[in-house]
There are 2 protein chains.
Amino acid sequence: MTKFAKRLKGMEKSAAIVRNIFNGMNDPEIISFGGGAPAKEGLPVDILREIANEVMRKESRGMEALQYGGVMGIKDLREFIARELLAPKGIDAKIENIMIGNGGLEGLYLLCRSLINPGDVILVESPTFVHAVEVFELIGAKCVACEMDDNGVIVENVEVNIKQYNPKIIYTIPTFHNPTGKTLSQARRKRMAALGSKYDVIILEDDPYSELRYSGEALKPIKAFDKSGHTVFANSFSKIFSPGTRLGYIVGNNEIMKHLFDVKTATNSHTSTLCQVLASEFFDRGYFPDHLKNLCDIHRRRRGVMMACLDKYFPEGTKHTYPDGGLFTWVDLPNKIDTTEMLEEAERDYKVSYLAGECFFTEGGGKGRNSMRISFGNVTTEKIKEGTERLGALAQSKIKQFSK
Amino acid sequence: MTKFAKRLKGMEKSAAIVRNIFNGMNDPEIISFGGGAPAKEGLPVDILREIANEVMRKESRGMEALQYGGVMGIKDLREFIARELLAPKGIDAKIENIMIGNGGLEGLYLLCRSLINPGDVILVESPTFVHAVEVFELIGAKCVACEMDDNGVIVENVEVNIKQYNPKIIYTIPTFHNPTGKTLSQARRKRMAALGSKYDVIILEDDPYSELRYSGEALKPIKAFDKSGHTVFANSFSKIFSPGTRLGYIVGNNEIMKHLFDVKTATNSHTSTLCQVLASEFFDRGYFPDHLKNLCDIHRRRRGVMMACLDKYFPEGTKHTYPDGGLFTWVDLPNKIDTTEMLEEAERDYKVSYLAGECFFTEGGGKGRNSMRISFGNVTTEKIKEGTERLGALAQSKIKQFSK
């Protein structure tokens with residue numbers, strides 16, 4: 001019998017959850033609120049066809065796109081990121097401090113791989129992104145959860161946990177948090193950045209959703225307040241451009257980038273040059289502002305419909321976030337409803353799917369058992385109405401069962 | 001000061017070598033025999049433009065290409081691999097046993113990540129692929145080298161090392177071996193497969209070059225002789241299709257695939273759907289046979305020119321492989337020439353680059369100090385003539401220095 005690596009054992013629970021997510025996505029009858037994809041109607045299919053038609057020529061960038069590239073990623077895409085995505089947010093980055101990865105997740109992986117020894121602690125939010133926890137567990141980190149309120153993670157609790165656990169990394173999703181949709185206040189952002197230098201700990205700021213803002217004012221990222229290089233900024237093109245191109249980036253200080261270079265080299269050499277060339281042409285030709293506006297318009301409508309439907313169809317006593325952006329809302333059902341138990345019935349009998357709240361809490365203890373994450377990103381308004389009505393009916397039926 | 005992970009320390013030497021390779025590739029004046037890229041003139045730029053033009057439409061596969069995909073990879077690409085690439089080689093694989101990765105290297109990473117605990121031993125060939133060693137070191141494995149002769153790795157020596165070191169994995173590149181260009185004999189392939197089940201050890205067969213055959217008869221892979229599921233077969237589309245699409249695949253038994261699924265999920269979720277869709281359309285539309293023939297024709301000519309030039313320009317006493325395929329030849333220069341020391345002069349004064357033999361020997365001890373790996377894949381015949389003449393002149397000048 002082949003003996004597998006020890007560290008895989010810690011992953012079993014979250015990996016099983018993820019396998020279930022992907023199974024749920026494969027039944028075409030099911031209306032799935034479970035995934036984290038942006039609206040497929042907003043994907044820039046026609047523009048990318050036009051770009052491919054122009055640049056996939058030997059006299060243009062065709063051979064560059066199909067040949068090996070550098071470990072850090074192609075220069076023009078990193079220049080676009082520095083100039084158009086980071087500078088307006090108050091992040092002053094050189095291209096040497098930006099690496100392109102396979103989606104946003106790989107940035108988390110590369111950083112953890114560079115920093116974490118088995119048993120090291122990573123502070124996470126409670127709840128937090130389930131795929132990130134998988135990365136942390138794969139690398140052998142121990143996750144310790146920090147409390148959140150409506151303004152995001154509670155900085156005092158983070159500081160208490162730093163003192164108690166001496167973590168290597170503090171992982172946070174400050175804007176349109178996954179899974180709750182909440183946003184960390186500006187005052188707390190400054191204080192989070194200060195914790196990095198005060199305790200010589202890395203703040204890993206994951207920011208895939210901030211461009212998807214449908215209401216309210218933009219806030220500066222934690223990284224904009226970082227003066228000592230302790231904040232590492234990870235981002236993704238999956239939500240604002242295309243998940244299927246698997247592009248993301250990570251921004252860190254010189255010393256960190258040197259290590260990321262070595263780890264990236266020994267994981268998959270570099271990210272697809274073809275995808276990078278198409279993306280950089282898309283951005284450099286000026287398509288992004290209109291594309292993003294269209295995507296936000298689609299999502300804003302869907303958010304509005306979902307918020308109204310939750311109020312209309314879900315049982316009395318239900319609470320949910322009204323997110324200013326991103327792809328998710330977080331629903332707390334009346335106490336007695338167990339969302340983990342209810343999921344199978346939801347998929348089998350009601351043909352509707354969601355992510356059970358429990359899987360987002362690394363600390364366990366039954367937290368999130370009456371919560372769910374539901375996404376409005378890649379579900380049409382018609383399906384949002386239909387799906388929330390089905391899910392509401394199931395929840396109502398549970399309430400009736402309890403009151404019998 | 002940020003403390004980095006312990007296991008990165010083991011990587012420092014090979015990572016430094018790789019940084020040098022990439023630096024050498026960036027000087028346009030240098031004729032580089034150092035890389036491992038196929039002929040850029042053979043890349044299917046025009047065909048992929050046509051395919052993109054047809055499929056990147058909402059009514060075709062455009063939205064699939066730009067949206068998230070499954071962890072294992074898209075079905076039709078895996079079906080093509082099973083039917084057209086594996087079955088003709090005598091490998092009977094179901095699509096559940098095939099995972100698409102970011103290039104061939106990621107397959108090695110995913111397998112090692114699944115199997116290796118820090119300190120576990122991997123048997124490698126002496127010499128072996130430097131990037132593979134980086135992967136093994138990143139994961140904390142200890143590499144032990146097995147002797148080779150002109151028929152590839154010596155199976156008796158592998159067996160001795162299995163008994164002595166109890167390895168988790170035996171890593172081999174049996175066909176057009178990197179860096180030497182040698183090919184493991186058929187008889188030894190059978191015996192290697194048998195070692196897997198006899199000692200319950202995984203044989204990791206890396207096969208990126210076997211389709212690039214320019215002379216001689218094809219041999220079956222080790223995996224074709226594997227009856228117990230102990231051989232894992234890793235391959236790449238980089239050499240036969242396009243490095244820039246970063247596509248490869250790994251084939252293993254059910255238990256291994258379950259673990260690879262979890263590791264892939266927690267590393268980068270899945271491989272670019274866009275690249276997979278374009279590749280699968282390329283293969284399913286029947287372009288591959290003519291494309292491969294053209295690519296082999298280009299490489300065959302380059303191989304011929306390089307072999308003739310080595311004989312013409314290099315010092316008396318030089319020995320080199322005459323490979324039946326692949327991208328490399330391995331040159332042993334007369335004893336006193338130190339290829340590690342000579343490299344800086346070669347790049348600076350002679351504007352020609354190669355990989356110093358030393359970096360391919362995990363066991364150190366000065367092995368390979370008079371050897372070099374030179375690639376004819378992505379160098380035109382004119383540049384091969386010019387570059388080998390320059391390199392030969394440098395080597396001749398060294399001989400003259402010694403005889404003074």
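**View 1. The contact between chain B and chain A in the predicted model.** Chain B contributes 63 residues to this contact, and chain A contributes 63 residues. On the side of chain B that touches chain A, the elements giving two or more residues are H1 (12–25), H2 (45–55), H3 (62–66), H5 (103–115), H6 (130–138), H9 (254–268) and H10 (273–284) of chain B, each of them a helix. H9(B) supplies the largest share of this side, with nine residues. By residue class, the side of chain B that touches chain A comprises 31 nonpolar, 21 polar and eleven charged residues.

**View 2. The relation between the two copies, chain B and chain A.** Chain B is superposed on chain A by a rotation of 180° with 0.0 Å of shift along the axis, at an RMSD of 0.0 Å. The two copies are therefore related as by a two-fold rotation axis. Of the interface residues of chain B, 100% are also interface residues in chain A, so the copies meet through the same surface.

**View 3. The two domains of chain A and the contact between them.** Domain 1 of chain A is made up of two segments, 7–43 and 290–403, and domain 2 covers 45–284. Their C-alpha centres lie 25 Å apart. Domain 1 of chain A gives 34 residues to the contact, and domain 2 of chain A gives 32 residues. On the domain 1 side, the elements with two or more residues in the contact are helix H1 (12–25), helix H11 (288–313) and strand S11 (328–332) of chain A. The largest share of this side, six residues, belongs to H11(A). The side of domain 1 of chain A that touches domain 2 of chain A divides into 18 nonpolar, ten polar and six charged residues.

**View 4. The open sheet of chain A.** Eight strands of chain A, in the order S2-S9-S8-S7-S6-S3-S4-S5, form this open sheet, and their pairing is mixed. At the edges stand strand S2 (98–101) and strand S5 (152–153) of chain A; each has a single partner strand, so one side of each is left without a neighbour in the sheet. Within the sheet, strand S3 (residues 121–126) of chain A runs parallel to strand S6 (residues 169–172) of chain A, and two bridges join them. A:Leu123 has A:Ile170 in S6(A) as its bridge partner.

**View 5. The parallel partners of S7(B).** Strand S6 (residues 169–172) of chain B runs parallel to S7(B) and is joined to it by four bridges. B:Ile202 in S7(B) is the bridge partner of B:Ile169. Between S6(B) and S7(B), the chain passes through helix H8 (residues 186–199) of chain B, in a β-α-β crossover that is right-handed. S7(B) also pairs with strand S8 (residues 231–236) of chain B, in the parallel sense and over four bridges. In this pairing B:Glu205 stands opposite B:Phe233 in S8(B).

Definitions and conventions:
Residues are numbered from 1 along each chain as its sequence is written. Chains are lettered from A and ligands numbered from 1 in the order in which they are written. This is a predicted model: local features need pLDDT of at least 70, side-chain atom pairs count only at pLDDT 80 or more; totals for chains, interfaces and linings use all residues. Domain bounds come from an automatic or database domain assignment. Two residues are in contact if their C-beta atoms, placed from the backbone, lie within 7 Å. Ala, Val, Leu, Ile, Met, Phe, Trp, Tyr, Cys and Pro count as nonpolar, Asp, Glu, Lys and Arg as charged, and the others, Gly among them, as polar. Copies are superposed by least squares on the C-alpha atoms of residues with pLDDT of at least 70 in both. Two strands pair if DSSP finds at least two bridges between them. A crossover is right-handed if, with the strands pointing away from the viewer, the path from the first strand over the helix to the second runs clockwise.
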